[in-house]
Amino acid sequence: MIKPGWMLDTLIFWVLFATITVAAILARRGKVLRIRWLPALEGIKDGVGRAVEMNQPVHFSPGAGTMLSGDWATQTVAAISILAYVSRLCAKYGARLLVSYPYAEWLPLIEEAYKSGFILEGRSERINPADLRPYLGGSFNVGVMRRLLDEKPATVINVGPIIWDSVDIGETAKRIGAIMIGGTARLLQLPYVVLTSDYVFIGEELYAAGAVASGDPFQINTVGSQDVGKYFVLVMLVLGIILLALGLPINAWLSI
Amino acid sequence: MELRGERDMSRKKPRWTTRLLNLDNPPIYAILLIFMILPLFYPLNTPVPVTAMAIDLYNKIESLKPGDVVLLDFSWSYSFKILHEAGHVAVLRHLLSKPGVKIVMVCFMGADSELSWRDVMAIVDIEKNYPDKKYGKDWIWLGYIPGGEATVLAFADNPWAIAPKDKYGTPIEQYPDFYNAVKTGADFALVIEGGGHGGVNGHVTGGFLKSYGLKYHCWLAYNMDPSVIAEFYPYYPTIIKSMLNGNAGAAEYERLLNMRGAGSVMVDALSMTHLYVIALIVLTNIVYLYDKYLSKPRSSR
Amino acid sequence: MVSTDPGIWIYSLLVLAVYSFVFKHNPAFRVAQAIVVGGSAGYTLWVSIEYIQRLGIGRVSADPYVLVPLIIGALYLFQIYPRLSWLSRIPVGMAIGIAYGTVLIPGIAAYIIAPLTQTITPFWTPNPLANFNAILNLVLMFCGVAFFIFTTDKFVKGRYGFIGRIGRAGLMVAFGAACGTLLGAKVTSAIGNIIDLLTKWLGIRLAI
Amino acid sequence: MSIFTTIRRNIDRAFLTFFMLFLLIAYPLAPTTDFGKFMTSWYTKITGWITVLGAWAIMIGVFALVRNNLKNIYKRAEGWYYDAVTIVSFVIFVVAGFMGGSTGPIMTWLTTNVTRAVSTALLGIEAFLATSAYYRAYRLKTLDAAILLISSLIVLMWMGPVFGYLFPQINDLAVWLLLNPNSAAQRAMFVGIGLGLIALAVRSMLGRERYGA
């Protein structure tokens, strides 16, 4: 019935999926997990504050790989949830928010996230659709670089599925003296983000960031309950070695 | 205006170490440019040490038997052409020199990957250099298949359902050498992916890894963008069997084939620029430590 | 011999305009950017029209179900009309659903099971280096995973803080290694451009 | 909240949930039973739809771009002449497409000489930007920075072929570094990413607000 080789993967997936769902639903009954705060979120707060002090805008871009396919789409969703947080901060403290995006597929969500913060803080008069700019079909890097140099934002946030914009945008941000906040779960670009940014969302922190920032117990529980999977991996590492030492074919079991 | 006086008062001439540590970009860039251009006029012709990965791929291709089908993927965006082209040219030449080996060429990355294929073909020039290799019998070109990762995975499960026709509109049934030899991805004797810059969770590279690597256990090789090679090492050598490291890898492969191609050209410039950058980093850090030493109060030195 | 092909001239001037950005932000770079932003938009517009024609409308007769994404995708156009812009979220929701559906289970195989099977290797073989590597891999992966645990900071500070610190050091090695590979790829691209400019545009013969 | 508002708020989430669950059930099934055959055939169909879905979106992107630029030109905003260049270039490309679409002769000429020129040059300037990033970021400030610096230096030596020629041990050391400590750390990050994906999916499916926003 199930393809050979996918039995265990499917089982583990559904178990984790169910655990996280149950933990999330339990949040509505007041059982909230405590999770640690992410340092890069503090960076966003500082960055927006600095932009307000200097009377300069904040620039947000969701990475150049925001396509509708596979992992890239999921990371874009995470980036958009961070945009909602940034928009809320900008509305609260009164900074102008510039958004550049490379693929129009996400325009409905990006526009909504951009507006949501201003509406929640009751500043809908400051919404300016011209601040959202598309740079389609491979012109994203060059477009953002020029926009940064022309508008001189105080804080540059580039999170999401970064393909080849990490160094370009990061170094341009350094050149205009902006605080650079980067983050991606695409591990091949992550080192370059670390190299060029002041604050970084490392890997999974990108997925968690929007939820942690929202402060909503439901979302916090989805983040916290992931640790079930991590403890599973930790236990499996130790147990696997022990079983292997006893001469059992643990690796064959793991690939049923 | 009052501020200016204050600033003038506080302005001391910074130490030379501090100035060196806060250089502007242009001088750094200018020296880099010189190091890039010089080797083009005065090549050093440093020999390239051949790594185990290139030898593995070479031996695998050497061991291919007549009738084996090879999947050769051209999924790099056209902008990345300089990184991947030399490696693919070398590998394709080697494949074409083996009698009876059948090659399926395909790309998944984007419509512009077809331009990448066109450029490789212009260099290899099958009709002129390999006159006994016939289209439809020894190689076919499926063109760009859109759909990203999902398509890659589905192509591995059942190639001819996803690509029922080749680029020129001929049904694959008319090429029995391919249609009958390959039913699933497991039937490919060797799979070479070209678009390494997608990364492990890039939609084409990741698809190849998940299907041919994890699911069908094919002999999977990558023609890699050097900037992402670190990310693929976790899967080497159990799942990914070989990786060509960009132009350096291509130069190694060219050396195995005893030819001098585009890969070898880059090697000197690569050496020189790396020499410069390493020197820059090391010198900066020596100056940085010395600066820290100088800025300590004299008594505590 | 300097080239007389206008295509090569446009190519070379645009490349130079982009490279000039490295030294200073200047009008040439702005013009190049303006050209590319407009041009790429025009190009992708045609690509999208062809997708709709070739993969959508053209395939309807062979596979009538293609009408579903064709119609749902057209809801995107309501984005232009604010009162009905909520309709344009439907295709996004559907696309994200498809993305999750294809990624999650292979994700378990690639991200959780494959790392496990590769780390669980014996360290009691006769080869001392292999044993050392196996232990190192095991320790670094264990500490790395522990470092990322969200619900407790036991592994980051305090008595067991060393676990998090080892994990962090491992991450730093990985980041450093990858940063080291960055230059090679980019230098090759730059040299490719330089060779193009020198040979095709200026017609200089190189020593290579 | 009226029923209409509820539908309007949640319709996209309904689509998301339906397609996600359907594909998740279909993915591991083997096409040996009737049910398996049915599900796998739909799996292939549905996953092929994404390209068509996204194709429409480009039009609104183009619309937004043209509208922004025309507004700027009309208002004579700062730098409006660059926006005029954008519009002119856009029109040229669109007109070129009338001869053979995106692969027509004029379009191919334009893309190879205009858009590709800029994208390859952008990759090239990263070499420069990377050098200055190295120069600024690699300072021996902390222990972590020192580890980063040393592992970078080893790999940099490996990437420059002349070092491998002069000191063959560098190659072995770099490959060992990539294969062992680097891989182990990458694997640790993989685990988190795989789990983060699931949590994000749950959040998108059930979250009170949209996509975790």
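1. The loop between α5 (140–151) and β4 (155–159) of chain A holds A:K152; helices (H or I, at least four residues) and strands (E, at least two) are DSSP runs, numbered from the N terminus. A:K152 has a positive phi of about 45 degrees, although it is not a glycine. With 14 C-beta neighbours inside 10 Å, this residue counts as partly exposed. On the scale used here, a residue is buried if 20 or more other C-beta atoms lie within 10 Å of its own, exposed if 12 or fewer, and partly exposed in between, with C-beta atoms placed from the backbone.

2. The model is predicted: local features need pLDDT of at least 70, side-chain atom pairs count only at pLDDT 80 or more, and totals for chains, interfaces and linings use all residues. Residues are numbered from 1 along each chain as its sequence is written, while chains are lettered from A and ligands numbered from 1 in the order in which they are written.

3. D:R76 is found in the loop between α3 (50–75) and α4 (80–97) of chain D. This residue is exposed, with 9 other C-beta atoms within 10 Å.

4. Helix α1 of chain A covers residues 7–27, which makes 21 residues, and reaches 31 Å from its first C-alpha to its last, close to the 30 Å expected at 1.5 Å a residue. The expected span is 1.5 Å times one less than the number of residues in the helix. Its buried residues are A:D9, A:I12, A:F13, A:L16, A:F17, A:I20, A:A23 and A:A24. Seen down the axis of α1(A), they fall within an arc of 135 degrees, so they line one face of the helix; the arc is that of the directions from the helix axis to the C-beta atoms. The face turned away from this buried side carries the exposed residues A:A18 and A:V22.

5. Against what do the buried residues of α1(A) pack? Their partners are α9 (217–224) and α10 (227–245) of chain A, α4 of chain C, and α8 (168–206) of chain D.

6. Chain C has six helices and zero strands. Its radius of gyration is 27 Å, whereas a compact globule of 208 residues would have a value near 17 Å; the radius is taken over C-alpha atoms, and the globule rule is 2.2 Å times the number of residues to the power 0.38. Along the principal axes, the C-alpha atoms of chain C fill a box of roughly 65 × 60 × 35 Å. Of its 208 residues, 54% count as buried. Among contacts in chain C with a separation of 6 or more, 24% are accounted for by residues 24 or more positions apart; two residues are in contact if their C-beta atoms, placed from the backbone, lie within 7 Å.

7. In chain C, α6 has 41 residues and reaches 60 Å from its first C-alpha to its last, close to the 60 Å expected at 1.5 Å a residue. Of these 41 residues, 29 are buried, so α6(C) is largely enclosed by the rest of the structure. Just after α6(C), C:G203 takes a positive phi of about 70 degrees.

8. The contact between chains C and B takes 31 residues from chain C and 35 residues from chain B. On the chain C side, two or more residues come from each of α1 (6–23), α2 (27–56), α4 (89–119) and α6 (161–201). α6(C) gives the most, with 17 residues. By class, this side has 23 nonpolar, seven polar and one charged residues. Ala, Val, Leu, Ile, Met, Phe, Trp, Tyr, Cys and Pro count as nonpolar, Asp, Glu, Lys and Arg as charged, and the others, Gly among them, as polar.

9. Not counting residues up to four places away in sequence, C:V18 touches C:F29, C:A32, D:V118, D:A121, D:L122 and D:I125.
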